Amino acid sequence: MNPDATRNDIIRLCKEAKENKFRGVCVNPLFVEEAHKQLEGTKCSVISVIGFPLGASLTGTKVEETRLVINLGANEIDMVIAIGALKEHDYKKVYEDMKEVVEAAEDIPVKVIIETGLLNKTEKIAGCELARRSGAAFVKTSTGYNTKGATVEDVMLMRTVVKDEMGIKAAGGIRNLEKALALMMAGANRLGCSASIAIVTGSFKMSSMIKHVQIQQNLKKLRICMELVQLPCRTTN
């Protein structure tokens with residue numbers, strides 16, 4: 001999510017999401033109202049981030065931010081956990097932080113970003129289990145602001161922990177069709193990509209073993225689970 005985003009960038013982002021029939025757009029709180037206006041009457045969700053990207057906001061701040069963006073038109077929430085608290089094994093603080101946001105969101109689904117690239121295996125498992133207990137709808141790999149984004153191994157681990165009780169959103173570093181499909185096969189239900197347009201419309205070197213019809217079927221699945229992330233209208237990075 002680029003810090004120099006403008007209203008015109010958001011309008012363009014929403015237009016691309018509608019044209020490509022993506023699941024939704026993920027924007028910063030500042031642009032929720034504009035995204036809601038642009039996507040009104042469509043099936044595209046308006047997703048807003050909370051405590052982004054560090055997760056170090058006070059719980060009360062996250063709760064108020066959640067209520068504000070929902071009032072402005074967000075119909076999904078992606079919150080960043082208290083990462084430092086998780087690494088200190090302060091599970092009570094991490095759980096209460098998630099739980100209060102989930103309760104503030106009421107019937108709006110919450111995705112909990114655990115930032116897998118900063119966690120060891122034990123911490124990843126704990127983060128997923130706490131998210132499951134909090135009542136969140138999804139657990140999400142990454143903000144995209146750290147060196148390591150979504151990996152097949154992390155998605156597989158997350159799916160092992162949450163089983164079929166939660167969705168999994170993979171985000172961070174998804175720039176080609178091969179990786180997007182691999183993450184879906186590993187268990188991801190949603191993909192957060194700044195390169196969504198390139199993934200579904202670009203030319204890719206697919207294995208000769210894959211039939212054209214299979215590629216088209218996979219692209220259809222990708223479109224309905226992709227969330228176009230704010231702002232790479234100027235870049236696909």
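Colleague: Taking contact as heavy atoms within 4.5 Å, what do the buried residues of α5 pack against?

Modeller: They pack against α3 (59-72), β3 (76-80), α4 (83-87), β4 (110-113) and α6. Helices (H or I, at least four residues) and strands (E, at least two) are DSSP runs, numbered from the N terminus. This is a predicted model, where local features need pLDDT of at least 70 and side-chain atom pairs count only at pLDDT 80 or more, while totals for chains, interfaces and linings use all residues. Residues are numbered from 1 along each chain as its sequence is written, and side-chain values use heavy atoms, with hydrogens and water left out.

Colleague: Which residues of α5 are buried?

Modeller: V94, D97, M98, V101, V102, A104 and A105. Buried means under 20% relative accessible area, exposed over 50%, and partly exposed in between (1.4 Å probe, protein chains only). Seen down the α5 axis, these residues fall within an arc of 170 degrees, so they line one face. The arc is taken from the directions from the helix axis to the C-beta atoms.

Colleague: What comes after α5?

Modeller: E106, with a positive phi near 55 degrees. E106 is in the loop between α5 and β4.

Colleague: Is E106 buried or exposed?

Modeller: Exposed, because its relative accessible area is 66%. K21, in the loop between α1 (7-19) and β1 (24-27), also has a positive phi, of about 55 degrees, although K21 is not a glycine. K21 counts as exposed because its relative accessibility is 62%.

Colleague: Switching to the strands. How many are in the barrel?

Modeller: The closed barrel has 8 strands, running β1-β2-β3-β4-β5-β6-β7-β8 with parallel pairing. Two strands pair if DSSP finds at least two bridges between them. β3 and β4 are joined by 4 bridges, and D78 stands opposite K111 in β4.

Colleague: Which strands does α7 touch?

Modeller: Helix α7 (residues 152-162) packs on the sheet, touching β5 (138-140) and β6 (167-171), and its direction makes about 165 degrees with that of β6. Axes are lines fitted to C-alpha atoms, for helices over the stretch in contact, and angles run from 0 to 180 degrees between N-to-C directions.

Colleague: And C128, where is that?

Modeller: In helix α6 (residues 121-134). C128 is buried because its relative accessible area is 1%. Leaving aside neighbours within four places in sequence, the contacts of C128 are I114, V139, M158, V161, V162 and M166.

Colleague: Last one: which peptide bond is cis?

Modeller: The one from F52 to P53, with omega near 0 degrees. P53 is in the loop between β2 (45-50) and α3.

Conventions
Contact = heavy atoms within 4.5 Å.
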